[in-house]
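Subject: Structure for you to look at

Hello,

Please find the structure below.

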Amino acid sequence: AVFVLAALNALGVLTQMTLIDRRATASKGESAASKEAEEEAKTSEKGTRNELDASATNEDQVGAVRFAQPMLRTITIIVGWTAILSNSIYGLFAPRYMGFRQPQLSATYSAAAIAMIATQLVFPKLVAKVGEHRACTAGILAVGAGIGGQSLIRVQPFHSTLYMMNRMGAAVADTSTAALVARASGSRDDRSRNLGLLTSTRAAARIFSPLISGKLFELSICAGAVAPGALPFVLASSFCLAVAPLPSVLRRAERRAERKATK
């Protein structure tokens, strides 16, 4: 059941990415058509000036894309690391420090997967209210607070609540990051390539993060530790808090590019 629910969550993310790609393609097509008609109307009197403005706008857009993609891939690496911690490393942490046995651990994983699927269902409404950038920031902050708090607070029901907040935040952060990647891509080909690179980056992070996480967990269970076993979770939480402002930085860069384009 756990694997089925996890697969459904992954399917939800892929579905959201497909819908985002189609919406972006439609909006880009309408925008391109309107811009083309407007340029044709003004060609006779402002031909040279329009070419210079278009060139400057394209340079601003290319700069914004180059600026955006590395930031968004950094976010997906950090959020992908928290997924490893919340599954494989948590499978070591919970039995050792929370007294979980296999039934409780499986129930936790299943409940988290259900919560993530439910989050995917309400994600479009969340984006409609706050936008992709704020949704991404909120998701990253939820992951950071949840994964760090669950390793330090070991009293129920607070521990499990923080774990669920971590996983639901990861669902929001993953999907909104994909939306921002599509938004920051200049064309359909660029969008497909960038979304593919995002998926590849997430997969590559899962190659090394289990080894690093396991070593950090091993180091943190030594005698005399303040919070045994918490080191990898707290470190991942710190990284989440560090990258949380990046969507806002990207939004400001997009606004600057839009203002330059309208001048």
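Start with Glu254, which counts as buried because its relative accessibility is 11%. Buried means under 20% relative accessible area, exposed means over 50%, and partly exposed is in between (1.4 Å probe, protein chains only). Accessible areas come from the Shrake-Rupley method with a 1.4 Å probe, and for residues only the protein chains shown count as cover.

Before going on, note that this is a predicted model, in which local features need pLDDT of at least 70, side-chain atom pairs count only at pLDDT 80 or more, and totals for chains, interfaces and linings use all residues. Residues are numbered from 1 along each chain as its sequence is written, and side-chain values use heavy atoms, with hydrogens and water left out.

Salt bridges

Glu254 forms a salt bridge with Arg183, with 3.1 Å between the closest N and O atoms. A salt bridge is a side-chain nitrogen of Lys or Arg within 4 Å of a carboxyl oxygen of Asp or Glu. This pair links distant parts of the chain, since Glu254 is in helix α6 and Arg183 in helix α3, 71 residues apart. Helices (H or I, at least four residues) and strands (E, at least two) are DSSP runs, numbered from the N terminus. Arg183 is partly exposed, at a relative accessible area of 34%.

Glu254 also forms a salt bridge with Arg251, where the closest N and O atoms are 3.6 Å apart. Both residues of this pair, Glu254 and Arg251, lie in helix α6, three residues apart, or about one turn of the helix. Arg251 counts as partly exposed, at 22% relative accessibility. A network of salt bridges links Glu132, Arg183, Arg251 and Glu254.

Another salt bridge joins the side chains of Asp174 and Arg202 (3.7 Å, N to O). Here too the pair links distant parts of the chain: Asp174 is in helix α3 and Arg202 in helix α4, 28 residues apart. Asp174 is buried, with a relative accessible area of 14%, and Arg202 is buried, with 11%. The count of salt bridges comes to five.

Overall layout

How many helices and strands are there in the chain? There are six helices and zero strands. Of the 263 residues of the chain, 41% count as buried. Pro157 lies in the loop between α2 and α3, and a cis peptide bond joins Gln156 to Pro157, with omega about 5 degrees.

The core

The largest nonpolar core has 21 residues, and Leu72, Ile75 and Ile140 have the most contacts inside it. A nonpolar core is a set of buried Ala, Val, Leu, Ile, Met, Phe, Trp, Tyr and Cys residues joined through side-chain atoms within 4.5 Å. Helix α1 gives the most to this core, with six residues.

The surface

Arg134, Arg252, Arg255, Arg256, Arg259 and Lys260 form a positive surface patch. Patches are made of residues with over 30% relative accessible area and no salt bridge; like charges are joined within 9 Å, and nonpolar side chains (Val, Leu, Ile, Met, Phe, Trp, Tyr) within 5 Å. The largest share of the positive patch, five residues, comes from helix α6 (residues 246-262). Arg255 is partly exposed, with a relative accessible area of 41%.

Regards

Methods:
Lys, Arg positive; Asp, Glu negative; His and termini not counted. Charge placed at Lys NZ, Arg CZ, Asp CG, Glu CD.
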